[in-house]
Amino acid sequence: MTVTAVDPGLAADARRERRFFLALSLPALFIVGLAAMLPILWIIRQSFLTTGGEYTVGNYEKVLSSGLTWSALITTVELSLGTLAVCILLGTPLALALASARPRMANLLMAFVMLPLWTSILVRTYGWLVLLRREGLVNAALTGSGLTAEPLPLVYNFTGTLIGMIHYMLPLFLLPVYAAMRDIDANLVRAAASMGATLGQVIRTVVLPLSAGGIFSGSTIVFIYTIGFFITPAVLGGGKVNPLSIRIERTLSTFQDWGSASVLGILLLVLMALIGVMFLAARRLMARNKVGAAHA
Amino acid sequence: MKSLPITIDSVRKAYGSYVALDDVSLDVQAGEFLTLLGPSGSGKTTLLMALAGFVRPDSGKLLLGNRDITRLAPNKRDIGIVFQNYALFPHMNVLANVEYPLALRKTPKAQARQQALDTLARVKLEGLAKRNIAALSGGQRQRVALARAIVFEPRVMLMDEPLSALDRNLRETMQYEIRRLHDDLGITTIYVTHDQREALTMSDRVAVMNSGRIQQIDTPQQIYDRPSTRFVAEFMGEANILAPGSARTIDGGDASRETLMIRAESFHLDAKLVGRDGVALEARLCAKAFRGENWLLTLALDDGQEVLVCIPAALASGCAELAAGQRVTAYAPAEKVHAIPGAIA
């Protein structure tokens, strides 16, 4: 809202206030600028240097022509998309249940959901290792009950990594979705029901469209986190699951190749930017098509 | 469109120790416009929500025509509802909102569109079909909510304080339009409000509610002139409740062994305007106020009871000269004096 025709004294006050707020934000801007932008610039410079310190595009040629890079890229995207898909499938109904529960019940359930977030990721990841390994609890239950004859390979592979990542991401996906659903006016749901909508139709035509913003935010968070995930694939992947983050670490620790690692890092940045742009575009498209969505 | 009568039979609803509906029974005739009137917390909205299916009564029965709907799911009741905050879908435009109930009923698209456009025309919103809900004024939203509630030809309509968010002038226009719409469609309507003037203006009958009970159901005139309880008398306007023995007849006799209700505007200061069978009150003038169309006088009886007297400006030639402390006699015609049955003063 803009204020027109204000008293000049008030306008001066408002200007002073804006300058003051800007001044308050400077430390944060400084840290973001210094701690985020400088290293990125440094990495970009590094990606064009040989180990001897001369300028080259050789790092790019080497990294981009390697099959390992592309399979790492595919693994990264597979892990992110897989985590996202399961988060949407599990998290959306959970958010719906939380949003429609009575306040006391909702708080209790929320505490359960949030509990894992207060535990170190390392502890949780090793916890999964205990549960999922060959002699672990899950396999003991499966073979003991006769559901499977042989223990299933649940860990040191893609499945195990995915389970660990989903476990980490689900609460973070849930929060914005839950917030969006809780903000939906209960009378909208009642109105839809009074006009004849079944529960399924209410969810499809009212609840989901109105919480799409939250689902988008949750999905963005899942992507941003999972694209750079390191600990979970390192522990639960057993060396067989190698996303870009692991390739970067290995390039550095095994080969001390800063140039190639920098190129991989830039690849990760580009991937994130691409996905960011895709999300923004999808969101804008949704906003434009939001009208005229009646046919149930 | 065939509308249905509604029967509410001994409905009770309690939330813990708080009784929201205390054995409420009410018959609404087919095509009637009935208003539930009461202060907040009187149970009127709870009763409406029970009819809509969003509140399940602890006991009692709700009938739509001959059909028992007490335990029927809300989406199977075929009742049009206008919510207090309109409850329009913000992610759909005007047309999509109005088409929504038709889409649920699998009405063919072209027919649904035509029906929605016709209904929008009926509520004077033609031309706004493609508008976003956020771009509408309060009055326009109200009309969309109305259109959406009637487009699927429900046989009963419920309205929960639909005009409370509008400013006064618009509210009066909409009162008239809602009533006109009701008369056109002949749809049985239950309307909830806490505004007594709105209830009197719009309704065939008014049910006054307080603390979960219906105090009185009657025509607006009866409710206003012949309240059956002290609560109804005082809720409906400037009522003077007089203890037994406070008034005498104009010719000097004792007027009452009962509690009397006389509206402020029923008084005259001139005995000639009243006739021999009215009542008279001897009092002292405490205060007077000129309100444009009338004078409001505050009188004190000898036993200390205060009485409000409202004299239309056209008949109040002497009011300007009255001074505080002066003795006056206020007269009311017999037909405007109402004995409240069983009231304890």
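Reader: Why are α3(A) and α7(A) called oblique to each other?

Author: This is a predicted model, where local features need pLDDT of at least 70, side-chain atom pairs count only at pLDDT 80 or more, and totals for chains, interfaces and linings use all residues. Residues are numbered from 1 along each chain as written, chains are lettered from A and ligands numbered from 1 in written order, and side-chain values use heavy atoms, without hydrogens and water. Now the angle. The axes of α3(A), residues 67–100, and α7(A) cross at roughly 40 degrees and come within 7 Å. Axes are lines fitted to C-alpha atoms, for helices over the stretch in contact, and angles run from 0 to 180 degrees between N-to-C directions. Under 35 degrees counts as roughly parallel, over 145 as roughly antiparallel, 65 to 115 as roughly perpendicular, and the rest as oblique. The pair α3(A) and α7(A) is therefore oblique.

Reader: Which residues make the contact between α7(A) and α9(A)?

Author: Contact means heavy atoms within 4.5 Å. Among them are Met165(A), Tyr168(A) and Phe173(A) of α7(A), and Val207(A), Ile215(A) and Tyr225(A) of α9(A). By class, this contact has 15 nonpolar, six polar and no charged residues. Ala, Val, Leu, Ile, Met, Phe, Trp, Tyr, Cys and Pro count as nonpolar, Asp, Glu, Lys and Arg as charged, and the others, Gly among them, as polar. The contact of α3(A) with α7(A) has 21 nonpolar, five polar and two charged residues.

Reader: What makes a set of residues a nonpolar core?

Author: Its members are buried Ala, Val, Leu, Ile, Met, Phe, Trp, Tyr and Cys residues, joined through side-chain atoms within 4.5 Å. Buried means under 20% relative accessible area, exposed over 50%, partly exposed in between (1.4 Å probe, protein chains only). The largest nonpolar core has 124 residues, and Leu146(B) is one of those with the most contacts inside it. A second, separate core has 23 residues, including Leu281(B) and Leu301(B).

Reader: How many of the residues of chain B count as buried?

Author: Of its 345 residues, 52% do. Chain B has eight helices and 18 strands.

Key. Helices (H or I, at least four residues) and strands (E, at least two) are DSSP runs, numbered from the N terminus.
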